[in-house]
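Thanks for coming. I will take the two chains in turn and then the contact between them. Please have a look at the structure first.

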Amino acid sequence: MHMANELLSIPVAAGTMAVAAASLGFICRKVRQIVTSDKLALMGILGAFVFAAQMVNFRLPAMPGTSGHMVGAVLLAIILGPHLGAIVISSVVIIQCLIFQDGGLLALGCNIINMALVPSYLGYSLYKAFTAPVSGPLRAYIGALLACVISFQVSAAFVPIEAALSGVLVVPFSTFLIIMLGVHLLIGLIEGLITVAVLGYLQQVRPDVIVGSLPGKVRLTKKAVLITLVVFTVVIGAGLSLLASDLPDGLEWSYAERPDQPDFEPAVSNEDSTIAAVDDFQSKYSPLPDYSIRVSGLGETTEEEIEASAGWTSFAGVVGSAVTMAFIWLTAWILRKKQPTKA
Amino acid sequence: MHHAYIDKFAYQDSPVHRLDSRVKFIVVLIFTAVVISLPRTSPSVLACYAVGPFTILVLGKIPLRFVFKHILMVSPFVLVLALSCPLYDRTPVSVAFGPFLWKSSLGWMRCFVILAKFIVTMLALIGLVSTTRFNDLLTGLQRLGLPRLLIIQLGFLYRYIFVLIDRAHHILRARAGRKLRNLGTKAELKIAAAMLGSLLICSLGTAERINIAMQARGFDKNWRSLSKLQIGRSDLIFSLIAASFLLVLHFLVRPLLQ
């Protein structure tokens, strides 16, 4: 699920980074009032819990030799509420990128959107939609299961969409989408089962943890949930149709607003004017604004004479770089060898 | 508690370690963006770009074996992606590389470029993380405008990941000691859920105690760090070198190699 830098073009990376940063900033400002120091400690520990929970693996049914583990985004959203859950999971994604190098630095925006914002908000609203009218253990379990499966599907669908918008896909989009959805349906089901099982355990041992005595309650009406679902459908539909028509930057376009549909709700709502400014900025000043989707062919392919000369210059470039690196390494090695004798 | 394996080289001392974390972060970000936006037509120019992060790693005294082992560890996803290219793009091309000339397909070239870009950007990121203490990086990010709440959250997270991972290891060892065979899906799931649940409850208790300890020491929701960030002469020199490296590659080397 972690996207790598190579799956993105600069405009899409910058756009998603801007969206993620603006949403995180907005959430942080929004929850600043309700976060007290005990919640800060709780959030930090629960973030670390996600890492520890990934150590606890269990055998999967029907697939001998494989084991699954928990991701925990939906569980945290249920325990902490969507806002704090989104902050915690975002911090987990940032640490995974910086410390564990899982997912690229440029893809951080995409990863925050896919793995933190979508599961927290979508998962929480689905869970609440099931448990809000009448809460019972069965409803809670079905809600949690559905929340995991659906939010994983949506985040998994985002990955090929973002890659396709960047124009870097070699694999046909539909193949990539189907593979991602298929794999993540399985992962989502496992995640849902283990989330339900953990919720069941907590219900027995510490029921106060789930019921909502913890902070971050957000009122969500049925209408809001329905609208969210519609918006996500429209966003995905728009993404798919944009791909067919080969329009660039469709992701940002479908995030922002649609003049042809007045009742279209932004997927990530924030009234920050900075996003527009940043978008404008990056479209003007990105290193390669007209980054072509189709590569016309290798420089070495077309003509024989060019081919030969290009072959030699690239050979010189690679060899020269290798020699330079070897030289740097050797110099450092010699200097380091000398040092202990001096001391 | 073993805190060592991720950023064990961040606590060394070298000219690279002494640079301001903000400068390093921004340089790595720009470098990554430049490398990613390189066209996919010229794999050879990537070798030139690799010189930069390579120099940083060598100057920072980071063992190269550690670096490559780490890159190998995080590569599976990109590897699958890259290796799927030859399957879908079979446009034949002839590749001339110095004295060698052979036939290949566009897919293989792309696969090669994706892997090369991955390695170069990973070199840069590892160069940043293993020469910068995480606290300094956080202070730098805060100065760059990250919300305070997120900074505190990241600081907490980094501090307690290893504590909780240790605890998870204890629980895992207990399970391994008692469970000697496969118990079937339902029982396995139940055990795993109980382990996770008790880990969670344990964590909640820890959070309460940490909060009490923080209150006792007068915590006021502010992130304070001992690291004093100051952009000095060496930072300016480093930025100048990095900028000229990128500019020379962009304007002088790239036109040659494409």
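A definition before the order of elements: helices are DSSP runs of H or I with at least four residues, strands are runs of E with at least two, and both are numbered from the N terminus. Keep in mind that this is a predicted model.

Start with chain B. Its secondary structure comes to nine helices and two strands. Read from the N terminus, the order is α-α-α-α-β-β-α-α-α-α-α. The C-alpha trace of chain B spans about 65 × 55 × 30 Å along its principal axes. The radius of gyration of chain B is 24 Å, whereas a compact globule of 258 residues would be near 18 Å. Of those 258 residues, 39% count as buried. Of the contacts in chain B between residues at least 6 apart in sequence, 79% join residues at least 24 apart.

Now chain A. Here we have 12 helices and two strands, in the order α-α-β-β-α-α-α-α-α-α-α-α-α-α from the N terminus. Chain A has 343 residues, and 48% of them are buried. For contacts in chain A with a separation of 6 or more, 74% come from residues 24 or more positions apart.

That leaves the contact between the chains.

Note on methods. Residues numbered from 1 in each chain as written. Chains lettered and ligands numbered in written order. Predicted model: local features only at pLDDT ≥ 70, side-chain atom pairs only at ≥ 80, totals over all residues. Buried ≥ 20, exposed ≤ 12 C-beta atoms within 10 Å, placed from the backbone. Contact = placed C-beta atoms within 7 Å. Rg over C-alpha atoms; globule rule 2.2 N^0.38 Å.
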